[in-house]
Amino acid sequence: MSFMMNLRMATANKLRMQLLSFLCWGLRWCPSSWTRGLHVSWRDAVAEDYGVSPPDFYGEVLHSRVSVPMFDGVKTEGMLSVLGDGKGGPAAGTRPTILVRTPYGSQNNRAVAALFVERGFNYLIMDTRGRGDSEGDFFPVQHEKEDGRAVVEWVKRQPFSDGRLGTHGVSYMGMTCWAAFDCAEIEVAVPALCSSSIFDIAYPSDGAVALELVAMWSYLLSLMATRPRFATMILLEAFFQRIIYAGHRFQKVVRAACEGLPLRDIDLRLVKHRIPYIQGGLENPRADMPYWDQRNRLAEISKPMAGKVHLIAGFHDIFCTQQIHDYLALQKHGTKVALTVGPWHHWQIGSFLQFVIRTIIQEYQMHFLEKETVRPDGSVLPSHSPDMPVEIYVTGAEEWRRMASWPPPARQY
């Protein structure tokens, strides 16, 4: 079956998967045998659509809001999901905890959380400083290392935790994943479509700023805080790769802001007020400037790191070149690392999300539970072996290939 046909089928299944997840979550309280059976069938159907193993637990999943203090006293908020005991309380015992930190909101993640809790993990998603319900001021990268460490230390003290943690994320959530992994308490990290530093993404060409990228991201963050429904419409259109209304309006505002002068007023044209990180970035266009000392690198990858990293990249993604550089640096310095590169760009959320979630669950099951991912049809999801840690999608041949390293010997990066 061709890649494009697979892509169309996957896109058509996305809404059904989300509906199934929502209905399954709603049925978790129903006591009767037939609804219980329906709940099990639907959870198995969700597993089949994602290509992951069926749940190990079909019981209730408890979701609660938590507040975690940072080292400087700022409180960050999030949602903790754990397995229930069927009586309204948490199940006995401790489990590995999966940590996600996001600037995009921690409120509406119950369906995704259930995928992990049902397979033997706790799931904690936190709003980053200054975003969602968290206190403080948001400034990209600046606080992520210390805040990531604070959350990790908090998790390790909780009664639900067995002291073992994994982390993952896409885009900026992947960058917070890097920040948490840098504290050496995380055993597995799966950063997807992101990089371990930000300067080369913001300034990809000798001091020339990636203006459209900065404007799009900043405007989207603003909309999530001020017009969340409109922001949701934009993301849904990106998810289904169908720009209808919200996407056109979004692009129109961004284009006008980028085309206007003077450049330093781009934030005023976008959101009618100054954005400190835009002003700071424009005033400091070189990576060797002191401004970037605490605002660029999220992890020190030029030394051996504890734990395993699995990088997921897209050949057409803005982060691809930087992610491959990250892979080469990790490999050079002895960190255990795997690399997957698929045929995606950054806004193709509906195309890569299912694949990314499946890969993340597989990594956690292999590492924490020492079990293979057995799909509902009985087949085993192939894993990255130590001698073949690279998986690349070859678009001309429309197939995935395993390799011992990347790039191939004839190529230089």
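Mentor: We begin with the nonpolar core, meaning a set of buried Ala, Val, Leu, Ile, Met, Phe, Trp, Tyr and Cys residues joined through side-chain atoms within 4.5 Å. Buried denotes under 20% relative accessible area, exposed over 50%, and partly exposed the range in between, with a 1.4 Å probe and protein chains only. Here the largest such core has 78 residues, and those with the most contacts inside it are Leu 124, Val 151, Trp 178, Phe 250, Leu 311, Leu 330 and Trp 406. Helix 7 provides the largest share of this core, 9 residues. Another core, of 37 residues, lies apart from it and includes Val 100, Phe 121, Ile 312 and Ile 357.

Trainee: On what basis are these values and numbers given?
Mentor: This is a predicted model, in which local features need pLDDT of at least 70 and side-chain atom pairs count only at pLDDT 80 or more, while totals for chains, interfaces and linings use all residues. Residues are numbered from 1 along each chain as its sequence is written, and side-chain values use heavy atoms, with hydrogens and water left out.

Trainee: What is the mean pLDDT of the protein, and over which residues does pLDDT stay under 50?
Mentor: pLDDT is the predictor's confidence in each residue, from 0 to 100. Where it is low, the predicted coordinates should not be read in detail. The mean for this protein is 89, and 90% of its residues reach 70 or more. Over residues 1-12, pLDDT stays under 50, and the model has 10 contacts beyond four places in sequence for that stretch. Contact means heavy atoms within 4.5 Å.

Trainee: How many helices and strands are there in the protein?
Mentor: Helices (H or I, at least four residues) and strands (E, at least two) are DSSP runs, numbered from the N terminus. The protein has 13 helices and 10 strands. Of its 413 residues, 53% count as buried. Among contacts between residues at least 6 apart in sequence, 66% join residues at least 24 apart.

Trainee: How many of the residues in the contact of helix 8 with helix 9 are nonpolar, polar and charged?
Mentor: Ala, Val, Leu, Ile, Met, Phe, Trp, Tyr, Cys and Pro count as nonpolar, Asp, Glu, Lys and Arg as charged, and the others, Gly among them, as polar. The contact of helix 8 with helix 9 has 5 nonpolar, 1 polar and 2 charged residues.

Trainee: Where is a positive phi found in a residue other than glycine, and is that residue buried or exposed?
Mentor: Val 141 has phi near 75°. Val 141 lies in the loop between strand 4 (122-127) and helix 4 (144-156), and is buried, with a relative accessible area of 4%. Glu 370 also has a positive phi, near 55°. Glu 370 is placed in the loop between helix 13 (349-369) and strand 9 (390-394), and is exposed, with a relative accessible area of 72%.

Trainee: Which peptide bonds are cis?
Mentor: The bond from Leu 261 to Pro 262 is cis, with omega near 0°, and Pro 262 sits in the loop between helix 9 and helix 10. The bond from Trp 406 to Pro 407 is also cis, with omega near 0°, and Pro 407 lies in the segment after strand 10 (399-403).

Trainee: Which residues does Arg 358 touch beyond four places in sequence?
Mentor: Arg 358, in helix 13, touches Tyr 50, Gly 51, Val 52 and Leu 381. Arg 358 counts as buried, at 18% relative accessibility.
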